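Subject: Structure handover

Hello,

Please find the structure below. My notes on what was found in it follow.

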Amino acid sequence: MLSGTGAFIEGLNLLTDGCWLWYSDLAHYVGCYHVELDPAFVEHARSNNWAVPQLSDEHLEAMVTLLTGDEGEPE
């Protein structure tokens, strides 16, 4: 992805803290374009001292299942 100046921003990734999901370029849009964040998201991040916890693979898989409704291939 390129910024308004043509500089490379980096690859787009989906990030999570186990409660909220956001794309890795969110800080760019907040900083450059003053995109407003949901106040509940800001309060949640503040209450966690702005740190994103390390999530287990099981937690991440459960989130993917919840988002996609895909239970995976039966064994």
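Helices (H or I, at least four residues) and strands (E, at least two) are DSSP runs, numbered from the N terminus. A pocket, on a 1 Å grid over the protein atoms alone, is an open set of points where a 1.4 Å probe fits, with protein on both sides within 12 Å along at least five of seven lines; its lining residues have an atom within 4 Å of a point.

This is a predicted model, in which local features need pLDDT of at least 70 and side-chain atom pairs count only at pLDDT 80 or more, while totals for chains, interfaces and linings use all residues. Residues are numbered from 1 along each chain as its sequence is written, and side-chain values use heavy atoms, with hydrogens and water left out.

Overall layout

The protein chain has 3 helices and 2 strands, in the order β-β-α-α-α from the N terminus. Of its 75 residues, 15% are buried (under 20% relative accessible area, with over 50% being exposed and anything in between partly exposed; 1.4 Å probe, protein chains only). Contacts are heavy atoms within 4.5 Å; among those between residues at least 6 apart in sequence, 37% join residues at least 24 apart.

Cysteines

The whole structure has 0 disulfides (pairs of cysteine sulfur atoms within 2.5 Å). C19 is exposed because its relative accessibility is 53%. C32, at 46%, counts as partly exposed.

Aromatic rings

Rings of Phe, Tyr and Trp (its six-membered ring) pair if their centres lie within 6.5 Å; planes under 30 degrees apart count as stacked, over 60 as edge-to-face and the rest as tilted. The structure holds 3 such aromatic pairs. One of them is W20 with F41: the ring centres are 5.3 Å apart and the planes stand at 70°, so this pair is edge-to-face. It links distant parts of the chain, since W20 sits in the loop between strand 1 (14-16) and strand 2 (21-23), and F41 in helix 2 (residues 39-47), 21 residues apart. W20 is partly exposed, at 24% relative accessible area, whereas F41 is buried, at 13%. Ring pairs join W20, W22 and F41 into a cluster.

Largest pocket

The volume of the largest pocket is about 260 Å³, taken as the space filled by probe spheres set on grid points that are joined across faces, edges and corners. It is lined by 17 residues, of which W22, L26, F41, A45 and W50 are the closest to its centre. Strand 2, helix 1 (26-33) and helix 2 each supply at least two lining residues. Helix 2 gives the largest share, 4 residues.

Regards
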